[in-house]
Amino acid sequence: KALSKEALGRARALNPEAPRMLLKLLRDETKLINKLSAIDNDHFPSLAFYLDDDNSPGFLTEYIPNGLENRIKEGLSTKDALSYFLQTISPIKLLHEQGIVLADIKPSNFRIDRKGNVKLVDLNLKYAGKEFSDTSMLNSLALSLTADKDKIKGTPRYMAPEQWELLEGNDVKIDERTDVYQITSLLYELITGIKPEGRFERLSV
């Protein structure tokens with residue numbers, strides 16, 4: 001996937017530093033995923049960062065045919081749901097061993113290769129490698145490049161209580177326990193096929 005000059009121009013209009021910072025995000029994510037893939041290729045893909053002829057950035061990844069989100073929509077047996085769940089734990093555990101908290105665990109961040117391996121394909125750089133085709137996404141990009149990273153991480157329907165507290169301006173910590181909360185929400189969706197948003201009363205931190 002690649003970013004066009006037009007997309008970079010729109011991002012620059014919202015935040016003059018956006019193109020430079022986006023290049024750094026792409027390079028950093030590529031470097032980190034390849035480092036993790038070298039340790040555990042069953043659960044992380046291989047990536048290659050590139051600049052095309054007009055200096056538009058992007059990255060290439062190995063072909064991973066199936067999205068976990070689509071498999072959930074098709075319906076999973078309990079056996080498959082538990083197998084996929086156990087595989088999603090492996091990359092999260094490795095991230096924690098590297099001192100990294102993902103804080104954005106959701107089905108769309110995982111894909112399944114032809115061997116049945118579940119791979120984590122997005123390390124929370126939500127806009128890397130996507131076309132910025134609408135105003136809301138561009139505004140989100142501008143925000144993500146200027147705001148406190150801990151305050152923008154997370155997808156609302158999967159967020160842990162402390163992430164909501166951060167968004168409300170409270171001084172709380174995001175750590176490995178945030179990922180534990182989110183991965184149990186993922187387990188709920190794998191087994192039931194129902195997204196966790198609104199299914200449980202919001203807990204206090």
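Which residues does L190 touch, not counting residues up to four places away in sequence? L190 touches L68, I72, L76, A81, Y84 and F85, where contact means heavy atoms within 4.5 Å. The views below start from the whole chain and then turn to single regions.

This is a predicted model, in which local features need pLDDT of at least 70 and side-chain atom pairs count only at pLDDT 80 or more, while totals for chains, interfaces and linings use all residues. Residues are numbered from 1 along each chain as its sequence is written, and side-chain values use heavy atoms, with hydrogens and water left out.

View 1. The secondary structure comes to 8 helices and 5 strands, where helices (H or I, at least four residues) and strands (E, at least two) are DSSP runs numbered from the N terminus. Along the sequence these elements follow the pattern α-α-β-β-β-α-α-β-β-α-α-α-α. The chain averages a pLDDT of 77, and 73% of the residues score at least 70; pLDDT is the predictor's confidence in each residue, from 0 to 100. Over residues 125-152 pLDDT stays under 50, and for this stretch the model has 52 contacts beyond four places in sequence. Of the 205 residues in the chain, 43% are buried, a term that means under 20% relative accessible area, with exposed meaning over 50% and partly exposed in between (1.4 Å probe, protein chains only). Among the contacts in the chain with a separation of 6 or more, 62% are accounted for by residues 24 or more positions apart.

**View 2. The largest nonpolar core.** A nonpolar core is a set of buried Ala, Val, Leu, Ile, Met, Phe, Trp, Tyr and Cys residues joined through side-chain atoms within 4.5 Å. The largest one has 25 residues, of which L68, L95, L120, L123 and L190 touch the most other members. The elements that give two or more residues to this core are α2 (18-39), α3 (68-74), α4, β4, β5 and α8, and its largest share, 6 residues, comes from α4. In soluble globular proteins, nonpolar side chains tend to be buried together.

View 3. Three strands form an open sheet in the order β3-β4-β5, with antiparallel pairing; two strands pair if DSSP finds at least two bridges between them. The edge strands, each of which pairs on one side only, are β3 (66-67) and β5 (118-120). Strand β4 (residues 110-112) is joined to β5 by 3 bridges, the two running antiparallel, and L120 in β5 is the bridge partner of F110. Helix α4 (residues 78-97) lies across β4 and β5 and runs at about 35° to β5, an angle taken from 0 to 180 degrees between the N-to-C directions of axes, which are lines fitted to C-alpha atoms, for helices over the stretch in contact.

View 4. Strand β5 holds K119, while R114 lies in the loop between β4 and β5. K119 is buried because its relative accessible area is 2%, whereas R114 counts as exposed because its relative accessibility is 69%. Leaving aside neighbours within four places in sequence, K119 is in contact with N41, D42, H43, F44, P45, E62, I64, N109, F110, R111 and D113. With such neighbours again left aside, R114 is in contact with Y63 and P65; R114 and P65 are 49 residues apart in sequence and 7.0 Å apart in space, C-alpha to C-alpha.

**View 5. A103 in the loop between α4 and β4.** A103 has a positive phi of about 60° although it is not a glycine. Most residues other than glycine have a negative phi, and most peptide bonds are trans. A103 is buried, because its relative accessible area is 1%.

**View 6. E176 and S185 in helix α8.** Both E176 and S185 are found in helix α8, which spans residues 176-192. E176 counts as partly exposed because its relative accessibility is 35%, whereas S185, at 10%, counts as buried. Leaving aside neighbours within four places in sequence, E176 is in contact with H96 and V101. The C-alpha atoms of E176 and L102, which are 74 residues apart along the chain, are separated by 8.3 Å. For S185 and R157, 28 residues apart along the chain, the C-alpha atoms are separated by 9.4 Å.
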